Amino acid sequence: MFRYLAWGLPAAMVSCITLPPDSSPGAQAACFWFAVLFFVAIAAHLMDVTVRWESQWPEGRKRSLAFLLSGSLLVWGLLFYTGRAGLWRGGVPAIVFSANLLLMAGLVGRWLASGIRRPSELLPVCAVVCAADLVSFFKGPTGAMADGVAAYYAAGMVGPPPWADFLLVKIPVPGISNWVPLFGVTDWAVAACLTDAYRRLSLDRAGARGEGASRGVMNAFPSPAVAGLLAAIVLAHVTGRFVPGMPMMVLFYLPVLLARSRQARRPRRHEVWLALLFPLVIALAGRLM
């Protein structure tokens, strides 16, 4: 409930802010970017809370997280069908929907990261998510979903939203009547996965595990992956083109990982092969699509 309220109360307050009809383009742009930074910061904090909270649960009680994830999936399904039926587009359902997506992505990301034991194991993970997102965008479902959502918004949001629209976390922006898509749930799940590994392997603390790391990058965001996703959001809005989030996350995350971890700079042989082989297989699969 805390996670829903921590997202919902600020979203409700921002949605009540209106701009005068004669507001300048500069004021409108300032409100837009303030909303983007504000809600990314809130989502990053909630991700950090979810990762820390789940990691502190006793092993026996972690089964309860399966029920929590099942409940969030049930909420998503209910809001999906009612939203497709045109029963809501904003307001309280939209707030609950985005908060629920953030919770689901945080739990899924924590589960995906649970098997990572060494910093060098993050190298094949980064390679796989980067290759998969690029292939999915150019040859797979991500590109088709992005085109469908863009066409829906360009046409004035007439008719039922495409199902891909229900995989997007949305925010209210003063001066914009419709809720604005911020990022996809899969992007946030990967960011949560990288964040959990970053925390659990102590890459965010000075001198942890002999890494000789310095703190400073972590002041505003729980991991460089979130900063990379924010960069993708900014680039997409500046250029007016869809920018895959996972490659940008890897672009920000990988240099920090290599700079802070000697183990990551000295991967095992099989980790190098996995980092090379999996993207090659994904690329070949993309060519056959």
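Phenylalanine 34 is exposed in this predicted model, its relative accessible area being 51%, which lies over the 50% that marks an exposed residue. Phenylalanine 38, by contrast, has a relative accessible area of 28% and is therefore classed as partly exposed. Both residues belong to helix H2, which spans residues 25-55, and because they are four residues apart in that helix, about one helical turn separates them. A pair of aromatic rings is described by the distance of the centres and the angle of the planes. Across the structure, 15 aromatic pairs are counted. In the pair formed by phenylalanine 34 and phenylalanine 38, the ring centres are 5.5 Å apart and the planes meet at 10°, so the arrangement is stacked.

Another aromatic pair is formed by phenylalanine 137 and phenylalanine 138, whose ring centres are 4.9 Å apart and whose planes stand at 75°, so that this pair is classed as edge-to-face. Phenylalanine 137 is partly exposed, with a relative accessible area of 21%, whereas phenylalanine 138 counts as exposed at 62% relative accessibility. Ring pairs also link Trp76, Phe80, Tyr81, Trp88, Phe97 and Phe166 into a cluster.

The chain as a whole contains 11 helices and two strands, and from the N terminus on its elements follow the order α-α-α-α-α-α-β-β-α-α-α-α-α. Of its 289 residues, 47% count as buried. The accessible surface of the chain comes to about 14,600 Å², and 68% of this area belongs to carbon and sulfur atoms. When contacts between residues at least 6 apart in sequence are considered, 74% of them join residues that are at least 24 apart.

Contacts of this kind can be followed at individual residues. Valine 49, which is also found in helix H2, counts as partly exposed at 22% relative accessibility. Once its neighbours within four places in sequence are left aside, valine 49 is in contact with Phe2 and Arg3. The C-alpha atoms of valine 49 and arginine 3 are separated by 8.8 Å, although the two residues are 46 residues apart along the chain.

Proline 172 lies in strand S1, which covers residues 168-173, and it is buried, with a relative accessible area of 5%. Apart from neighbours within four places in sequence, the residues in contact with proline 172 are Ala11, Val14, Ser15, Ala35, Phe39 and Trp179. Proline 172 and isoleucine 17 are 155 residues apart along the chain, yet their C-alpha atoms are separated by 9.3 Å.

Two further buried residues are located in loops. Methionine 157 is found in the loop between H6 and S1, where its relative accessible area of 10% places it among the buried residues. The backbone of methionine 157 has a positive phi of about 60°, although this residue is not a glycine. Between leucine 203 and serine 223, which are 20 residues apart in sequence, the distance from C-alpha to C-alpha is 9.3 Å.

The largest pocket of the model has a volume of about 1,000 Å³. It is lined by 36 residues, of which Ala146, Val149, Leu168, Pro181 and Phe242 are the closest to its centre. The elements that each give two or more residues to this lining are helix H5 (122-138), helix H6 (141-154), strand S2 (176-184), helix H7 (185-200), helix H8 (224-239) and helix H9 (245-260). By class, the lining of the largest pocket consists of 24 nonpolar, eight polar and four charged residues.

Terms used
Residues numbered from 1 in each chain as written. Predicted model: local features only at pLDDT ≥ 70, side-chain atom pairs only at ≥ 80, totals over all residues. Heavy atoms only, no water. 1 Å grid on protein atoms, 1.4 Å probe; cavity = no way out; pocket = protein on both sides within 12 Å on 5 of 7 lines; lining within 4 Å. Points joined across faces, edges and corners; volume = space filled by probe spheres on them. Nonpolar A, V, L, I, M, F, W, Y, C, P; charged D, E, K, R; others polar. Buried < 20%, exposed > 50% of the residue type's maximum accessible area, 1.4 Å probe, protein only. Contact = heavy atoms within 4.5 Å. Areas by Shrake-Rupley, 256 points an atom, 1.4 Å probe, with all protein chains shown as cover. Phe/Tyr/Trp six-rings, centres within 6.5 Å; stacked < 30°, edge-to-face > 60°.
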